[in-house]
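Student: I would like to take a close look at a single part of this protein. Could you walk me through it slowly and connect it to the rest of the chain?

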Amino acid sequence: MSNIVETSCKRCKKPIATLVKSFYGCDKLQKQFGGICSDCISPEERQDLLTKMGMAIADNLRGMRR
Ligand SMILES: [Zn+2]
């Protein structure tokens with residue numbers, strides 16, 4: 001069973017491998033950044049992704065302690 005699928009970048013159409021399931025546990029990030037290859041993501045977007053990913057991970061950790 002594989003969780004990786006081949007897709008193509010939304011911007012340059014380059015084939016990329018992506019996770020079927022949520023992107024670091026956050027569906028919103030998956031929608032926003034999941035179809036973009038690392039060549040097309042801008043530094044601003046990468047920073048935004050890292051910030052949101054950090055927040056999503058923090059939320060997940062908080063959720064686990066409940
Ligand atoms: Zn691309």
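Tutor: What you see is a predicted model, with a mean pLDDT of 82 for the protein and with 85% of its residues at 70 or more. The protein has two helices and two strands, and from the N terminus these elements follow one another in the order β-β-α-α. Confidence is highest in α2, at 88, and lowest in helix α1 (residues 27-33), where the mean is 78. In general, where pLDDT is low, the predicted coordinates should not be read in detail.

Let us turn to helix α2 itself, which covers residues 43-65 and so has 23 residues, reaching 33 Å from its first C-alpha to its last, close to the 33 Å expected at 1.5 Å a residue. This helix is hardly covered, since the count of buried residues among its 23 residues is zero.

Aspartate 48 lies in helix α2, and it counts as partly exposed because it has 15 C-beta neighbours inside 10 Å, where a buried residue would need 20 or more. Across the chain, aspartate 48 and leucine 29 are 19 residues apart in sequence, while their C-alpha atoms are 9.9 Å apart in space.

Lysine 52 is also found in helix α2, and with 17 other C-beta atoms within 10 Å it is partly exposed. Its C-alpha is 9.1 Å from that of cysteine 26, although lysine 52 and cysteine 26 are 26 residues apart in sequence.

Alanine 56 has its place in helix α2 too, and it is partly exposed, with 18 other C-beta atoms within 10 Å. The C-alpha atoms of alanine 56 and leucine 29 are separated by 9.1 Å, and the two residues are 27 residues apart along the chain. As a general point, an α-helix has 3.6 residues a turn, so residues three or four places apart point the same way.

Lysine 13 has its place in the loop between β1 (4-8) and β2 (15-19), and it is exposed, because 10 other C-beta atoms lie within 10 Å and the limit for an exposed residue is 12 or fewer. Lysine 13 also has a positive phi of about 70 degrees although it is not a glycine. Most residues other than glycine have a negative phi.

Conventions
Residues numbered from 1 in each chain as written. Predicted model: local features only at pLDDT ≥ 70, side-chain atom pairs only at ≥ 80, totals over all residues. Helix = DSSP H or I, 4+ residues; strand = E, 2+ residues; numbered from the N terminus. pLDDT = per-residue confidence, 0-100.
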